[in-house]
Amino acid sequence: MAKAFPHAQVVGLDLNAQKFSDAPKNFRFIHGDSDQTLPKFNGQASIVHCRCVAQHVTDPQALILLLSQALVPGGLLLLADGDWIVYDQHKKLVEPFQWWDCGTTSSSLAEPAVLEEDAHGRSWYAGWLNFLGNLTRSKNYRPIEELVQSADALTVLDSRRYLSPINWPGEGIENGEDLGKLLIINQRNFLLGSKEIASQAGFSREMIEVWGRHYEAEVDSGHFYNLWHYLTAQK
Ligand SMILES: C[S@@+](CC[C@H](N)C(=O)[O-])C[C@H]1O[C@@H](n2cnc3c(N)ncnc32)[C@H](O)[C@@H]1O
């Protein structure tokens, strides 16, 4: 954003520290919490862009309020959010493999053969997303469209859902070729980044190894889509 709009002052915010090797001069990053940091920008921002954060905060509705308060009157809020469901090449919902629903006992989880028998053709990839989504999504989360509609100060200008192909161009998808290449990197990185969370949640090392192998094979060779939500609102 800062490179594309050199006359704008761009501020990034995240709870996690980030390193930017080639940040332009009109960009600064704040390592902080949205609850404490956003009020410092009340009434100052022409555009607020919040991507894939709303479902991870304890109170998503309060976050939308803080984001709208940071805007100048007439300012734009751009919200994007990922979903945790997977579609197949025919744009039909893929059934996730959920070991906790299939009678597997926790003592047998470390046995790859038992796990593989239990999958019965259901998707390991969709199962992993389902598990991580349930684990990390706030209990108070509602789709961004609903959150913004409940915020008095905001008017929705545009709200849409779109499918991104993974490792293939998809069918009838604008920029599908590029999206497919980006999403396979994104989904491989997601697996790597989420193994530790799965381990803390009780997945054994063997189980993560088996699950990860199937996940990678599916996203590499399957024809899947991820679902995303995108919304523009004005103050
Ligand atoms: C799925 S990641 C999205 C990261 C980035 N916005 C993007 O689109 O690539 C969710 C991010 O929300 C951040 N986050 C969660 N709670 C937060 C909070 N209260 N304040 C600031 N950032 C928060 C996490 O640190 C994490 O980096």
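Q: How many residues does helix 7 have, and what does it reach from its first C-alpha to its last?
A: In this predicted model, helix 7 runs over residues 205–221, which is 17 residues, and it reaches 24 Å from its first C-alpha to its last, close to the 24 Å expected at 1.5 Å a residue.

Q: Which residues of helix 7 are buried?
A: The buried residues of helix 7 are Val 210, Trp 211, Tyr 215, Glu 218 and Val 219. They sit on the same side of helix 7, because they cover an arc of only 155° around the axis.

Q: Why do residues three or four places apart point the same way?
A: An α-helix has 3.6 residues a turn, so residues with that spacing point the same way.

Q: And what does the face turned away from the buried side of helix 7 carry?
A: That face carries exposed residues, namely Arg 205, Arg 213, Ala 217, Asp 220 and Ser 221.

Q: Zooming out, how many helices and strands does the protein have?
A: The protein has seven helices and six strands, and along the sequence they follow the pattern β-β-α-β-α-β-α-α-α-β-α-α-β.

Q: How many of its residues count as buried?
A: The protein has 235 residues, and 25% of them count as buried.

Q: Which residues touch the most other members in the largest nonpolar core?
A: That core has 20 residues, and those that touch the most other members are Val 48, Ala 54, Leu 67, Ala 70, Leu 77, Leu 79 and Val 148.

Q: Which elements give two or more residues to this core?
A: They are strand 3 (45–51), helix 2 (60–70), strand 4 (71–87), helix 5 (144–149) and strand 6 (224–234), and helix 2 gives the most, with five residues.

Q: What is Ala 70 in contact with, leaving aside its neighbours within four places in sequence?
A: With those neighbours set aside, Ala 70 is in contact with Leu 38, Phe 41, Asn 42, Gln 44, Ala 45 and Val 48.

Q: Which residues does the second, separate core include?
A: The second core has 18 residues and includes Val 86, Trp 124, Leu 179 and Tyr 225.

Q: Changing topic, which residues surround the ligand?
A: The ligand is surrounded by Leu 13, Asp 14, Leu 15, Asn 16, Asp 33, Ser 34, Arg 51, Cys 52, Val 53, His 56 and Val 57.

Q: How many of that shell are nonpolar, polar or charged?
A: By class, the shell around the ligand has five nonpolar residues, together with three polar and three charged ones.

Note on methods:
Residues numbered from 1 in each chain as written. Predicted model: local features only at pLDDT ≥ 70, side-chain atom pairs only at ≥ 80, totals over all residues. Near = placed C-beta within 6 Å. Nonpolar A, V, L, I, M, F, W, Y, C, P; charged D, E, K, R; others polar. Core = buried A, V, L, I, M, F, W, Y, C linked by C-beta atoms within 7 Å. Buried ≥ 20, exposed ≤ 12 C-beta atoms within 10 Å, placed from the backbone. Helix = DSSP H or I, 4+ residues; strand = E, 2+ residues; numbered from the N terminus. Contact = placed C-beta atoms within 7 Å. Expected span 1.5 Å × (residues − 1). Arc of directions from axis to C-beta.
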